[in-house]
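Let us read a multi-chain model together, feature by feature. Keep the viewer open as we go.

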Amino acid sequence: MTYLWAFLFGGLICGLSQLAFDKFNLTTAHILVTLVISGAILEGLGIYKGLVSFGGAGFLVPVSGFGSSIARGIISESKRLGWEGLFTGAFELTGLGVTAAVIFGTLAAIFSRPKD
Amino acid sequence: MADKLLGKQTMRLKSPPVITARATVVGHREGEGPLGEYFDHIIPDDLWGEDTCEKAERKMMEEAITRTMEASDLTPEQIDLFIAGDLLNQIVTSSFVARQVGQAFLGIYGACSSMTEGMALGSMLIDGDYADHVLVATSSHYQTAERQFRFPVELNIQRSGRAQFTVTGSGAAILSKQGKGPRITEVTLGKVIDLGLRNPEDLGSAMAPAAADTLLQHFNDTGRNVGYYDLIITGDLAAVGATMFADLVKEAGHTLGNKHIDAGTMIYGANPRFKAGGSGCGCSAVVFLGYIMKLLEQGRYRRVLFMATGALFSPLSYQQGESIPGVAHAVVVEAQ
Amino acid sequence: MMDKAQLDQMRQYQKKVQDKGPKPPMLINFLKAYLIGGLICLVGQGVFDFFAKIEGTQGETVATTLAGMILLGAVATALGFYDDLGEFGGMGAAVPITGFSNSVVSAAMEYRREGFILGLGGKIFSVAGPVLVFGILAGFVVGLVKALAGGYLF
């Protein structure tokens with residue numbers, strides 16, 4: 001069942017983003033930044049966790065999930081360490097992914113060429 | 001009043017220079033388009049065996065020049081002047097190719113209007129008795145333009161229906177004081193016109209006002225109208241820009257109708273993959289030098305107005321919220 | 001200096017460009033984005049369930065899921081078809097975390113031509129930068145507010 005919600009909610013977030021892109025002439029960067037900030041705020045309000053437990057990857061995979069993961073790391077580390085956690089927590093959950101992106105990117109650059 | 005100046009912006013060439021040789025080299029997408037058979041050489045892929053697409057673009061311009069020289073009877077030393085421009089920062093393609101050409105060099109930048117800017121300049125120098133033979137060339141390349149103006153090639157972008165696709169192509173031509181071939185009889189140099197358009201995904205609409213301005217000025221200066229020409233070819237307003245251009249010209253009382261075609265819409269045909277059509281210096285250059293010149297030589301057209309248009313913005317200017325000014329230069333080419 | 005007539009002419013022309021040009025088919029684009037985005041999230045759900053069995057905490061599952069999706073996006077970019085996904089699905093390809101990965105990997109592949117250090121190294125985050133920067137900024141502010149409210153800042 002979670003798979004259905006993942007599809008429905010994940011698709012919805014993307015579909016609404018597309019509407020915003022077409023209607024308001026926004027750039028992709030503007031939309032992604034809005035989503036990532038929203039994810040962080042909703043995580044701070046305690047809402048995003050609930051969304052993920054219901055809609056699973058439908059909320060985790062869109063880049064708002066990335067924002068919520070950054071916020072989640074910062075919140076948990078700052079609870080644990082105090083103010084230093086505000087600085088150390090950002091990559092607690094996302095570090096794996098960002099590091100992976102750099103490594104895969106470099107590998108791809110070594111072994112692949114942009115296609116025509 | 002200067003002797004050969006007509007009206008405000010048109011120069012009459014009293015000894016019209018002849019387009020004695022030309023050649024075009026294009027990428028595989030252009031080769032697969034409706035005009036494929038008219039180009040002299042089609043490269044197999046964007047890199048053409050080189051490490052970078054910038055090197056490939058230079059190789060294309062060199063190839064176009066080599067073939068042009070072969071088509072003429074001239075030795076390299078007989079070229080008095082080399083005029084070239086392209087889209088890359090500091091027009092490096094042209095400057096680096098100029099090393100091989102080895103003769104006096106004038107680099108020009110007119111964005112996609114470079115071909116007619118070069119032809120106009122070369123014609124005036126020949127008519128003014130300053131040169132016997134002038135070599136003019138331009139080029140553009142899809143990947144080099146994308147990475148300079150926009151995004152990495154593998155990035156997921158959705159292009160709007162107004163967007164244009166930079167043509168991978170280079171055209172070169174030799175203008176001579178004497179010889180056989182179509183001749184350039186007048187040139188009209190354009191003003192920069194900016195109606196405040198900001199969308200880099202719709203360059204055609206940004207350039208259309210400049211094209212209209214130059215054409216109307218040309219008609220004013222010469223006293224001619226649409227009927228004088230068999231063909232008015234613009235480069236590259238593409239689908240959206242061409243409509244805007246025709247409208248603007250109509251508002252001033254001239255109906256273009258079937259006499260107007262645009263290199264941007266012709267190079268890829270109506271293929272929706274390429275959205276509104278082609279753009280880039282190479283677009284108008286290869287369409288005119290490859291296709292239109294052939295029709296002029298065959299006598300299918302007698303009098304053609306060739307007007308290339310350029311969008312004079314930089315990657316930084318539109319990020320800083322500036323609008324996109326346009327310019328258009330026209331040359332009148334008459335069959336022998 | 002621009003007079004009123006010129007400003008009017010500009011406005012008139014800009015309006016005409018807006019009205020006369022092709023308009024994006026919003027419904028079709030919405031559906032395409034929905035489809036592609038939904039499918040990618042479906043795959044993400046599979047990845048999540050896979051890691052949930054292996055990882056100890058939910059936090060670790062989240063981290064590995066994000067990384068797994070980033071890997072998939074990277075592979076799709078390296079194989080050259082993620083841009084086609086974007087051409088078709090628009091935001092459906094840009095919004096999922098695979099879009100982030102695509103922006104990093106495509107930049108790496110593109111700019112390596114200027115060398116690994118200055119080209120790849122210098123520009124690898126050129127497209128993804130805003131997402132990282134504003135994610136961090138937003139997370140920081142949210143965390144700060146919570147810490148102040150919760151009294152555990154110091």
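**Reading the model**

Chain A has 7 helices and 0 strands. The model is predicted.

Q: In what pattern do the elements of chain A follow one another along the sequence?
A: Read the elements in order. Chain A runs α-α-α-α-α-α-α. Its C-alpha atoms fill a box of roughly 50 × 35 × 35 Å along the principal axes.

Q: What are the ipTM and pTM of the model?
A: The model scores ipTM 0.94 and pTM 0.93.

Q: How should I treat pLDDT, and what does chain A average?
A: Where pLDDT is low, predicted coordinates should not be read in detail. Now the case. Chain A averages a pLDDT of 94, and 100% of the residues score at least 70. Helix α2 (residues 28-44) of chain A has the highest confidence in that chain, at 96. Helix α3 (residues 47-55) of chain A has the lowest, at a mean of 92.

Q: What does chain C average, and which of its elements have the lowest and highest mean pLDDT?
A: Chain C averages 93, with 99% of the residues at 70 or above. Among its elements, α1(C) has the lowest mean pLDDT, 90. The highest, 97, belongs to α5(C).

Q: How do I describe two packed helices? At what angle do α2(A) and α5(A) pack?
A: Two numbers describe such a pair: the angle between the axes and the distance between them. For α2(A) and α5(A), the angle is about 40° and the axes are 7 Å apart. The two helices are therefore oblique to each other. Their crossing is right-handed.

Q: Which residues of α2(A) meet α5(A)?
A: On α2(A), look for L32(A), L35(A), V36(A), I37(A), S38(A), G39(A), A40(A), L42(A), E43(A) and G44(A). They meet residues of α5(A) including V63(A), F66(A), I70(A), A71(A) and I75(A). By class, this contact has 11 nonpolar, 7 polar and 2 charged residues.

Q: At what angle do the axes of α5(A) and α7(A) cross?
A: Helix α5 (residues 63-81) of chain A and helix α7 (residues 91-111) of chain A cross at roughly 135°. Their axes come within 7 Å. The α5(A) side is F66(A), S69(A), I70(A), R72(A), G73(A), S76(A) and E77(A). The α7(A) side is F91(A), E92(A), L93(A) and T94(A). The residues of this contact divide into 4 nonpolar, 4 polar and 3 charged.

Q: Into which domains is chain B divided?
A: Take the bounds, then the centres, then the contact. Chain B is divided into domain 1 (5-176) and domain 2 (183-334). Their C-alpha centres lie 17 Å apart. At the contact, 56 residues of domain 1 of chain B touch 58 residues of domain 2 of chain B.

Q: Which element gives the largest share of the domain 1 side in chain B?
A: Several elements supply at least two residues each to that side, among them β3 (18-26), α4 (114-127) and β7 (133-140) of chain B. The largest share, 8 residues, comes from α4(B). By class, the domain 1 side has 25 nonpolar, 23 polar and 8 charged residues.

Q: How far apart are the centres of the domains of chain C?
A: Chain C is divided into domain 1 (25-123) and domain 2 (128-154). Over C-alpha atoms, 25 Å separate their centres.

Q: How many residues of chain C are in contact with chain A?
A: Count both sides, then ask which elements contribute. Here 65 residues of chain C are in contact with 66 residues of chain A. Elements supplying at least two residues each on the chain C side include α2 (26-54), α3 (58-78) and α8 (129-150). The most comes from α2(C), with 15 residues. That side divides into 45 nonpolar, 17 polar and 3 charged residues.

Q: Which helix of chain C gives the most to the side that touches chain B?
A: In this interface, 27 residues of chain C are in contact with 22 residues of chain B. On the chain C side, α1 (4-20), α4 (82-89), α5 (91-94) and α6 (97-111) each supply at least two residues. The helix that gives the most is α6(C), with 7 residues. By class, that side has 12 nonpolar, 10 polar and 5 charged residues.

Note on methods: Residues are numbered from 1 along each chain as its sequence is written. Chains are lettered from A and ligands numbered from 1 in the order in which they are written. This is a predicted model: local features need pLDDT of at least 70, side-chain atom pairs count only at pLDDT 80 or more; totals for chains, interfaces and linings use all residues. Two residues are in contact if their C-beta atoms, placed from the backbone, lie within 7 Å. Helices (H or I, at least four residues) and strands (E, at least two) are DSSP runs, numbered from the N terminus. Ala, Val, Leu, Ile, Met, Phe, Trp, Tyr, Cys and Pro count as nonpolar, Asp, Glu, Lys and Arg as charged, and the others, Gly among them, as polar. Axes are lines fitted to C-alpha atoms, for helices over the stretch in contact, and angles run from 0 to 180 degrees between N-to-C directions. Domain bounds come from an automatic or database domain assignment. pLDDT is the predictor's confidence in each residue, from 0 to 100. Angles under 35 degrees count as roughly parallel, over 145 as roughly antiparallel, 65 to 115 as roughly perpendicular and the rest as oblique. A crossing is left-handed if the near helix is turned anticlockwise from the far one by less than a right angle, and right-handed if clockwise.
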